[in-house]
Amino acid sequence: MQLKSLSTLLALPAVAFSFAYPPSEAEALLELQPADDTIALSPKLVIIPEVDEEPLEVPPQGATLTRVGPQRALPAQKPAAEEEETDDEDDTPLPVVVWHGLGDSADAEGLKEVAELIEQVHPGTYTYLISATGAAGSADRQASFFGNVTRQLDHVCHALAEDPILRTAPAIDAVGFSQGGQFLRGYVERCGGWAPRVRSLVTFGSQHNGIAEFQKCASPTDWVCRGANAVLGGGTVWSDFVQSRLVPAQYYRGETDDDRANYLEHSNFLADINNERGAKNATYAENLAALDKFVMVLFDDDRTVVPKETGWFADVNMTGGYAVTPLRQRPIYEEDWIGLKRLDEKGGLDFVRLAGEHMQLLDDDLVRLFAKYFGPAGKKFGASWPKWEP
Ligand SMILES: *[C@@H]1O[C@H](CO)[C@@H](O)[C@H](O)[C@H]1NC(C)=O
Ligand SMILES: *[C@@H]1O[C@H](CO)[C@@H](O)[C@H](O)[C@H]1NC(C)=O
Ligand SMILES: *[C@@H]1O[C@H](CO)[C@@H](O)[C@H](O)[C@H]1NC(C)=O
């Protein structure tokens, strides 16, 4: 248990602490529970920001969803190029589940708007906005920073399996924004055998191959984010203590060779669902290969996620001149550790590139993607629209 680097946080005078916190946030944070029974974490340890530091220079968006550009008025027109061949019997669209990103919450306005867009494109769609712990609002937002992802995922698998509409649907479609994307991939791999089956999984700017840096907080007064980053910056990222509590740590990969070794040994989530360790779980590969479509959307101007190519599951050598190895040239694909090669060979793997910064989404792009990949159960996916190659 490496608590040493956290102790510097304790050194901050209590008076600084009480000035630094808006009461409501601080109260909410005091309810933070340690993820395990190993050691009682004083909530103050987690949330104390470095109050003497200059405001962070960051783009204002973070991983929360923003719609940019002209917004669509009802009723939406389906893109003319989309042919929706469906079977004649049932044109009820499959339900869609949506997992939000870091710093967002299931009841955030942007997420509700996504649900409305899905409804415009495929009227009658049942859209389910995932909360990792079942909590709403600021508690759900907190759970995007804090918690053991394995436990959160387990909660989500059960919640989806118990939902009366999702569990009786022939299958479901899924949208994962940012970290929600790799969590939904985890859902497919771990729970695909018993929880509602996913047909199309679409991920936006997700960190499938991990991150080399932690995201900066969008706002200097975002105490939850800064509290998380204070712990992450403490040099304890590979400890079980941090791996079981700090969400971004569980898909952190680092950049040095030492980081890689530590990642393989200690990563609580990503190294496991990527089947990167010696013992591969064949069920993960079978479940992922059973998708109809796995669509990875990359934001071309992504400056929030480092490296952005993780959105396409590419590997980037950060210390070796930013050498990018595309997914299809990596052992995880070539040796088919998680079923991506099988999926690709049946035409199920699509790479999509969108202009713009992380999670800055144009309605038109969302509409085109929803039109193409979601809809009724019998739907045939026409020729890839448009065709991107990594
Ligand atoms: C592989 O993953 C499945 C699904 O999560 C799980 O039930 C099984 O126990 C895992 N097998 C091993 C060997 O870990
Ligand atoms: C996270 O939770 C799972 C399930 O309870 C547990 O097996 C695992 O050890 C936990 N991770 C850490 C790093 O404690
Ligand atoms: C990155 O490239 C450097 C120089 O080629 C190499 O020494 C290093 O092992 C590579 N690191 C990783 C993590 O692949």
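Tutor: Let's begin with a term: a disulfide is a pair of cysteine sulfur atoms within 2.5 Å. Keep in mind that this is a predicted model.

Student: Which residue forms a disulfide with C217?
Tutor: Look for a sulfur atom inside the cut-off of 2.5 Å. The sulfur atoms of C217 and its partner are 2.1 Å apart. Both cysteines are buried, and their link is left-handed, with -95 degrees about the S-S bond. The partner is C225.

Student: How many residues apart in sequence are the parts that C157 and C191 tie together?
Tutor: These two cysteines are joined by a disulfide, S to S 2.0 Å, and this link is right-handed, with 80 degrees about the S-S bond. C157 lies in helix α7 (residues 149–162) and C191 in helix α9 (residues 179–191), so the pair ties together parts whose separation in sequence is 34 residues.

Student: Is helix α17 largely enclosed by the rest of the structure or largely open, and why?
Tutor: Helix α17 spans residues 363–373. Among its buried residues are L366, V367, L369 and F370.

Student: Which residue has a polar side-chain atom 2.2 Å from an oxygen atom of ligand 3?
Tutor: The surroundings of ligand 3 are D257, R260, N317, T319 and G320, a shell with no nonpolar, 3 polar and 2 charged residues. For D257, an N or O atom of the side chain is 2.9 Å from an oxygen atom of the ligand. The 2.2 Å distance belongs to N317.

How values were computed
Residues are numbered from 1 along each chain as its sequence is written. Chains are lettered from A and ligands numbered from 1 in the order in which they are written. This is a predicted model: local features need pLDDT of at least 70, side-chain atom pairs count only at pLDDT 80 or more; totals for chains, interfaces and linings use all residues. Side-chain values use heavy atoms; hydrogens and water are left out. Buried means under 20% relative accessible area, exposed over 50%, partly exposed in between (1.4 Å probe, protein chains only). Helices (H or I, at least four residues) and strands (E, at least two) are DSSP runs, numbered from the N terminus. A residue is near a molecule or strand if one of its heavy atoms lies within 4 Å of it. A polar contact is a pair of N or O atoms within 3.5 Å; within protein, one must be able to donate a hydrogen and the other to accept it, and residues adjacent in sequence count only if both atoms are side-chain atoms. Ala, Val, Leu, Ile, Met, Phe, Trp, Tyr, Cys and Pro count as nonpolar, Asp, Glu, Lys and Arg as charged, and the others, Gly among them, as polar.
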